Amino acid sequence: MSAKPQSFATTSAFEILGPIMVGPSSSHTAGALRCARVASTLIEGDIARVSFTLWNSFAHTYRGHGTDRALVGGILGFDTDDERIRDAFDHARRRGLSFEFILGGDDPSIHPNTVDIHLESTTGASADVRGESLGGGRMRISAINGVQVEISGLYTTLFVAHRDAPGALAALTGALAQAQMNIAFCRTYRTEAGGQAYSVFETDGAPQRDVLPAVRSLDLVGYATFIELPGSVSSLGPGVSVPDLFDDASQLLAASRELGLSLGGVMRLREERMTSAEAAAAQMARVIEVMRSETSAPLIHPQRSLGGFLDGQAKAVGDEGGRFGSDLMGAVQTDAVARAMAVLERSATMGVIVAAPTAGSAGVVPGCVLAAAGNLGIADERIAEALYCAAAVGLILSTSACVAGAEGGCQAEVGSAAAMAAAALTQMHGGDARQALDAASIALSNLLGLVCDPVGGLVEVPCQNRNAIGVACAFSAAQLALSGVPALVPFDEMAAVMLAVGRALPSSLRETAQGGIAVAPSARRACDRCGACSTAL
């Protein structure tokens with residue numbers, strides 16, 4: 001094994017091949033929902049009124065991405081894969097929840113996907129919470145009532161609002177000890193001595209029933225609750241590591257050689273040691289089930305997307321495969337492209353998909369893997385290992401670069417997905433670990449600089465066609481690597497290059513719908529005819 005120090009990262013493979021969610025955007029839909037869901041638990045009582053102030057990318061694309069519906073759905077307690085998200089406004093009105101959206105505009109000093117949430121409950125309590133969607137469905141609560149905090153919700157998390165008094169932390173930890181809860185991490189946030197404070201405890205195991213009454217009974221405590229993140233895959237307790245974790249591609253390659261496993265085999269072993277073989281197998285089976293549905297149902301029964309730009313294009317490509325396939329893409333790649341486009345149609349109707357690694361790029365990996373698997377006649381066991389291979393590449397990109405269009409452009413979404421798929425295809429066709437990583441590097445390099453410019457802020461055009469191009473890129477990169485064509489730039493270096501290029505892109509080309517194809521006259525006229533993004537609540 002490499003002597004390079006290992007990280008304590010515990011991100012599950014199913015946070016890369018996931019979350020399983022309602023489309024159309026992992027950062028703007030699933031991540032936004034999670035922000036609101038966590039925020040709604042931070043005050044006592046049912047939420048009666050809420051206002052959302054949207055910043056940067058959220059402000060420009062919130063209607064087209066379904067961010068507004070997702071935020072309301074989060075307040076209602078929906079999970080990321082709850083199909084009621086599409087009708088969240090109606091559900092809110094039936095429950096008597098009042099909501100409004102305020103455009104905060106652009107502020108380069110804060111995260112591209114930021115929402116400020118003002119909450120008022122039936123008990124008269126109120127709170128102001130800032131949430132940030134980090135890409136791939138991940139989120140962070142960064143401020144509560146003006147106090148800077150950091151809450152990810154990935155683990156069993158106890159949140160306590162209390163007075164900053166001598167002995168406060170000792171009293172709180174004593175209550176947890178009495179309830180036999182093991183504290184893995186704790187931190188107290190405050191603005192001044194003796195004022196309002198918030199303590200966050202990340203703990204091992206599920207919430208214990210008698211913990212909250214014990215904590216709430218303390219005189220210094222104003223409110224306490226456990227935070228649960230919908231759709232999250234929390235594999236380990238905070239700060240817990242397992243053998244054979246890897247930080248980067250060089251460590252992944254070293255682990256593959258030492259253990260005699262493929263890249264997918266290393267990632268599978270990692271996941272099994274984080275949870276169990278049974279839990280990993282069950283989660284992977286669920287991922288494969290949803291991928292099969294998302295890549296096939298729209299080919300049989302096309303549905304018109306929310307914005308109206310997508311309506312059967314995937315089926316058209318699949319139907320014409322026999323006519324053009326042999327001369328152009330070939331039968332297997334045609335099948336992969338049709339499947340990938342189908343996922344975007346499912347997502348754009350707010351159907352359930354697997355973000356891989358994001359919703360905007362969700363078609364590339366399942367399209368490639370399932371089409372190749374059908375042609376090769378391989379069973380689910382090898383499909384799972386190919387998906388684990390894709391997840392290993394995606395994990396490296398999500399931790400060392402980025403996978404969100406609002407941060408790095410479409411190169412971070414479709415580019416990352418193409419790299420993941422290229423590695424998986426190479427492994428499926430007998431390539432070794434080095435060739436799989438070479439394929440990933442080649443794929444990423446060939447989509448370097450790809451901008452994110454959704455027309456009308458909808459994850460429809462050019463997103464669907466770019467998933468098709470991501471498939472073509474993955475197939476080409478895999479064939480090059482399998483033919484002995486190496487990548488001049490190793491994958492770790494290519495990830496760093498992609499991150500640097502993404503940071504160099506202007507904000508107009510990073511998922512704001514303010515540049516690129518989105519501002520072409522024809523695109524603007526099409527948006528005017530559609531009206532989906534300008535429709536009032």
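What volume does the largest cavity have? The largest cavity has a volume of about 130 Å³.

## About the model

This is a predicted model, where local features need pLDDT of at least 70, side-chain atom pairs count only at pLDDT 80 or more, and totals for chains, interfaces and linings use all residues. Residues are numbered from 1 along each chain as its sequence is written, and side-chain values use heavy atoms, with hydrogens and water left out.

## The largest cavity

A cavity is a set of points, on a 1 Å grid over the protein atoms alone, where a 1.4 Å probe fits but cannot get out; its lining residues have an atom within 4 Å of a point. The volume is the space filled by probe spheres set on the points, which are joined across faces, edges and corners. The count is three cavities of 30 Å³ or more.

Of the 15 residues lining the largest cavity, Gly360, Glu413, Cys452, Val459 and Cys463 are the closest to its centre. Helix H17 (410-428) and helix H19 (463-482) each supply at least two lining residues, and H17 gives the largest share, with three.

## The second largest cavity

The second largest cavity has a volume of about 60 Å³. Among the residues that line this cavity are Thr11, Glu15, Arg138 and Ser398.

## A look at Ser121

Ser121 lies in strand E4 (residues 113-121); helices (H or I, at least four residues) and strands (E, at least two) are DSSP runs, numbered from the N terminus. The side chain of Ser121 reaches the backbone oxygen of Glu44 at 2.7 Å.

Notes. On a 1 Å grid over the protein atoms alone, a cavity is a set of points where a 1.4 Å probe fits but cannot get out, and a pocket is an open set with protein on both sides within 12 Å along at least five of seven lines; lining residues have an atom within 4 Å of a point. A polar contact is a pair of N or O atoms within 3.5 Å; within protein, one must be able to donate a hydrogen and the other to accept it, and residues adjacent in sequence count only if both atoms are side-chain atoms.
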